[in-house]
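Subject: Structure handover

Hello,

Here is the structure I promised you. Please open it next to this email and follow along.

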Amino acid sequence: QAEWFNAAPSADVTASSEFRDGNGILYPCRNIVDRQARIGGDSVIWIANESNGAYVELRWPVPIEVRQFVLYGLTPKAARKISVNDCKIILYYGGVEAGSISSTGALSAAGKPVSLSPTKIDAARILITKSSGSFHKRAVAGLAEVETIARLFPLQSSN
């Protein structure tokens, strides 16, 4: 029996955009898979240039079977009050949509588990559909971390 693990750190991560503040500090999308959300502060979060419609996409070089995502919202700070109130997760295999989760509900810094039937994928897009708040006087959205609880997709025997 294959073991389930957080496959997110092994993913290639892209995003709709990445925010750079007035001091030149970048908040890159790769931060969502660094497993540092609870200890790293602002240096380990992703912030997009936009709010609703912002997304991150994770791609794996081999198929995985996913059973849960855990999405971590940003911790509120005096200078940054960004809330993600809902997301959509779209699952892909071979460039074709393999399923979706239409609504995750509001995220928190403690993490929001989103479970699904085990599904074979090689990519997932997390689309922020409802957010509020701002950073540096701009309406933006972001995530602290994404965990992808999965296992390598079982290979078929050629017996």
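Start at a turn. S9 and S10 form a hairpin with two residues between them. His136 sits in that turn and has a positive phi of about 50°. The two strands pair in the antiparallel sense over two bridges. Phe135 has Arg138 in S10 as its bridge partner. S10 covers residues 138-139.

Some ground rules before we go on. This is a predicted model, where local features need pLDDT of at least 70, side-chain atom pairs count only at pLDDT 80 or more, and totals for chains, interfaces and linings use all residues. Residues are numbered from 1 along each chain as its sequence is written, and side-chain values use heavy atoms, with hydrogens and water left out.

Now the terms for strands. Helices (H or I, at least four residues) and strands (E, at least two) are DSSP runs, numbered from the N terminus. Two strands pair if DSSP finds at least two bridges between them.

What does the secondary structure of the protein chain come to? The count is zero helices and twelve strands.

Strand S9 (residues 112-135) is joined to strand S6 (residues 55-72) by twelve bridges. S6 and S9 run antiparallel. Leu71 stands opposite Lys112 in S9. Strand S7 (residues 80-93) is also joined to S9 by twelve bridges, again antiparallel. There, Leu91 stands opposite Ala124 in S9.

Next, look at Val70. This residue lies in strand S6. Is Val70 buried or exposed? Val70 is buried, because its relative accessible area is 9%. Buried means under 20% relative accessible area, exposed means over 50%, and partly exposed is in between (1.4 Å probe, protein chains only).

Which residues does Val70 touch, leaving aside its neighbours within four places in sequence? Val70 is in contact (heavy atoms within 4.5 Å) with Gly111, Lys112, Pro113, Glu145, Val146 and Glu147. Ile149 is 79 residues from Val70 along the chain, yet their C-alpha atoms are separated by 8.0 Å.

Last, the whole chain. Buried residues make up 43% of the 159 residues. Among contacts with a separation of 6 or more, 77% come from residues 24 or more positions apart. The protein chain exposes about 8,000 Å². Carbon and sulfur atoms supply 49% of that area. Accessible areas come from the Shrake-Rupley method with a 1.4 Å probe; for residues, only the protein chains shown count as cover.

Best wishes
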